Amino acid sequence: MTLIKSTPDNEGKKMTDEVDILRKEVAVMRDEFRELKQSYLDTHRRYADTLLMLRGLTQHATESAEQAAKAAEFSAICSEKCLDVAKQAASIPMIEAAEAASRAATSAAESAIQSAASAASAAAAAALAVAHHAEDASAQGSSVAAEASKKAAAFAAQAVLMSNKAAEYARSARKDKSG
């Protein structure tokens, strides 16, 4: 039986080999760390870009909703004026004018309804932005857009009521003329 006797040369070589292995492992870990760091930086950059885009989307959606609410308000005012004209025209022998005013009121009401739908769509876009990233600015924008949508719907309802009343005046005038 032969015993291998440990010599200083064997132990030195063994230690050198172990140090080389450790150096390789450290180099691999360093590379993995660099890759992780780069991945984090890339993710952070994409996140910041997405956040910026969502802020812009929320701002545009909020502005759209506010403009749609304003358009619905103008349509309601138009319907109100058409109602006044239809009412006045119904009392004089120009039934065609009352009917034209009634049609104008109907068109204004349809415009108000479309504006309300636009405001609702913008509010939904703002809410979607909030859903993807809950941030104070997005949440506030969504709240403003939702309020604008609510106003637009109220103006649209008002415009429809006035349009119906204008049509009623026109029908009444036609009935009075024929009766």
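**Figure 1. Leu 57, a partly exposed residue of helix α1.** At 35% relative accessibility, Leu 57 counts as partly exposed. This leucine belongs to helix α1 of a predicted model. In sequence, Leu 57 and Ala 122 are 65 residues apart, while their C-alpha atoms lie 9.5 Å from each other in space.

**Figure 2. The whole chain, a model with three helices and zero strands.** Along the sequence, the elements follow the pattern α-α-α. Helix α1 covers residues 8–90 and α2 covers 95–132, and α3 runs over residues 136–178. The chain has 179 residues, and 27% of them are buried. Its accessible surface is about 12300 Å², with 59% belonging to carbon and sulfur atoms. Among contacts with a separation of 6 or more, 83% are between residues 24 or more positions apart.

**Figure 3. Confidence along the predicted chain.** The average pLDDT of the chain is 75, and 81% of the residues score at least 70. Where pLDDT is low, the predicted coordinates should not be read in detail.

**Figure 4. Ala 152 and its surroundings.** Ala 152 sits in helix α3. The relative accessible area of Ala 152 is 0%, so this residue is buried, the cut-off being under 20%. Leaving aside neighbours within four places in sequence, the contacts of Ala 152 are Ala 68, Ala 69, Ala 72, Ala 112, Ser 115, Ala 116 and Ala 119. One of these residues, Ala 116, is 36 residues away from Ala 152 along the chain, and their C-alpha atoms are separated by 4.6 Å.

**Figure 5. The largest nonpolar core.** This core holds 24 residues, and the members that touch the most other members are Ala 65, Ala 112, Ala 119, Ala 152, Ala 159 and Ala 166. Helices α1, α2 and α3 each supply at least two residues of the core. The greatest share comes from α1, with nine residues. In soluble globular proteins, nonpolar side chains tend to be buried together. Within this core, Ala 112 and Ala 119 are among the residues that touch the most other members, and both are also in contact with Ala 152.

**Figure 6. Ala 123, a buried residue of helix α2.** Ala 123 lies in helix α2. With a relative accessibility of 11%, Ala 123 falls under the 20% cut-off and therefore counts as buried. The C-alpha atoms of Ala 123 and Thr 62 are separated by 6.7 Å, although the two residues are 61 residues apart along the chain.

**Figure 7. The salt bridge between Asp 20 and Arg 23.** The structure holds three salt bridges, and this view shows the one formed by Asp 20 with Arg 23, whose closest N and O atoms are 4.0 Å apart. Because Asp 20 and Arg 23 are three residues apart in helix α1, about one helical turn separates them. Asp 20 is partly exposed, with a relative accessible area of 32%, whereas Arg 23 is exposed at 58%. Side chains of opposite charge can pair when their charged atoms come close.

**Figure 8. The salt bridge between Asp 31 and Arg 34.** Here the side chains of Arg 34 and Asp 31 meet, with an N to O distance of 3.0 Å. Both residues lie in helix α1, three residues apart, about one turn of the helix. The relative accessibility of Asp 31 is 39%, so this residue counts as partly exposed.

**Figure 9. The salt bridge between Arg 45 and Asp 49.** The side chains of Asp 49 and Arg 45 form a salt bridge with an N to O distance of 3.7 Å. Both residues are part of helix α1, where they are four residues apart, about one turn of the helix. Asp 49 is partly exposed, at 44% relative accessibility. Arg 45 is also partly exposed, with a relative accessible area of 44%.

Technical notes
Residues numbered from 1 in each chain as written. Predicted model: local features only at pLDDT ≥ 70, side-chain atom pairs only at ≥ 80, totals over all residues. Heavy atoms only, no water. Buried < 20%, exposed > 50% of the residue type's maximum accessible area, 1.4 Å probe, protein only. Contact = heavy atoms within 4.5 Å. Core = buried A, V, L, I, M, F, W, Y, C linked by side-chain atoms within 4.5 Å. pLDDT = per-residue confidence, 0-100. Areas by Shrake-Rupley, 256 points an atom, 1.4 Å probe, with all protein chains shown as cover.
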